[in-house]
Amino acid sequence: MEDGEMIKVALCTDTYYMMACGPCVVSIFEHHRKTPCHIYVITKELPQEDVDGLKYIAARYGVQLTLKTIDSDFIQGLKVNERFRESVYYRFLLPNLFPEEKKMLYLDCDTLVNGSLRELWETDIDGYACAVVEDQEADDITLKNRIGVYDTTYFNSGVLLINMDYWRIYHVARRLVDFIREHPSACLFPYQDALNAVLHDEMKYLPYGYNYQDLWYTCDYQWLRLHASKFKEVERWKKNPVVVYFAGGNKPWQKDCSHPFAKYYLECLSKTPWTVARYKKVRKGERASLYGERSKMPHKYIRRFNRLLLVFIIETIAFFIYLLCLQS
């Protein structure tokens, strides 16, 4: 086994996102077969089939994986919808969930590990709340205007190397939750906007390869809201990033995904008990519970009906105008 301190990684999920969580776990273990590594999966609750699936992966690789269930009372009332699920806030709870830990590497579930996390883990974060990577559009002034922070660059919260003692001493979780509750209109991306607003001068910045985001693959650089002086460094990590983050809507489980790491995701997915079909079934069931029985009607038919109705109304108005013109 490789020498070095145990790398401790936290993922936060629910059953809806096991399609992402499972492959992420596999990608970590695939790249740390000889490295001491412990993964913690944080959740409010999971069906037994998901629990069994995580146990299957852990047994297959012979590694440490711990499922940790939480009480989410502390984050009750925060913005939750189909896009921003309650689990996005679980990262705020990590320092109190693990009171003995001094450091924890948090990864969003829709990331994939593509190399060793050792160097990232050993980053010195003394005196900092976290180590982070700039957001893929970090220089977008609208992001800074919204949260009122101009003295630093906007960062992405998909990868956080957390100084657990710092968070406990300075009550970071409470400050984050308070900001979201007190500034609802500023929080378009509530958890990420809060982290940037509260911790903007308490962060250490990491190389882009530790959180390589999807627009750096799929968007022409000239359209990015990122200063051109950074393009060379972004390009340097393009072929071999350590952590790949599917940050936008171009998710690798979607049929038309154009991301270059989509194939790697499918390879990792094939080593788990989860399937794309199961994800679609869960998603359909959750949409019904969120929006009621009407959600069973496909949205595309509703939109088509609305378009036809609009055309009918316009043509009817045009016809009556034509008749009036003839009479005059």
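Helix 1 and helix 2 run roughly parallel to each other, a label used for angles under 35 degrees. What you are looking at is a predicted model, in which local features need pLDDT of at least 70, side-chain atom pairs count only at pLDDT 80 or more, and totals for chains, interfaces and linings use all residues. Residues are numbered from 1 along each chain as its sequence is written, and side-chain values use heavy atoms, with hydrogens and water left out.

Back to those two helices. Helix 1 covers residues 18–30 and helix 2 covers residues 48–61; they pack at an angle of about 10°, and their axes are 11 Å apart. (Helices here are DSSP runs of H or I with at least four residues, strands are E runs of at least two, and both are numbered from the N terminus; axes are lines fitted to C-alpha atoms, for helices over the stretch in contact, and angles run from 0 to 180 degrees between N-to-C directions.) On the helix 1 side, M18, G22, V25, V26, F29 and E30 meet D50, L54, I57 and Y61 of helix 2, where contact means heavy atoms within 4.5 Å.

Now for the rings. The structure holds 17 aromatic pairs, counted when the ring centres of Phe, Tyr or Trp (its six-membered ring) lie within 6.5 Å; planes under 30 degrees apart are stacked, over 60 edge-to-face, and the rest tilted. Y16 and Y17 make a stacked pair, 5.9 Å centre to centre with 15° between the planes. Y16 is buried, at 7% relative accessible area; buried means under 20%, exposed over 50%, and partly exposed in between, with a 1.4 Å probe and protein chains only.

F84 and F189 are an edge-to-face pair instead, 6.4 Å centre to centre and 85° between the planes. This pair links distant parts of the chain, 105 residues apart: F84 is in the loop between strand 3 (64–69) and helix 3 (94–97), while F189 is in the loop between helix 7 (172–182) and helix 8 (190–199). F84 is buried at 5% relative accessibility, whereas F189, at 22%, is partly exposed.

R85 lies over the face of Y16, 3.9 Å from the ring centre, and K68 lies over the face of F98 at 5.4 Å. The cut-off is NZ of Lys or CZ of Arg within 6 Å of the ring centre and within 35 degrees of the ring normal.

Finally, find N250 in the loop between strand 10 (243–245) and helix 11 (262–269). N250 is buried, at 18% relative accessible area.

Key:
Angles under 35 degrees count as roughly parallel, over 145 as roughly antiparallel, 65 to 115 as roughly perpendicular and the rest as oblique.
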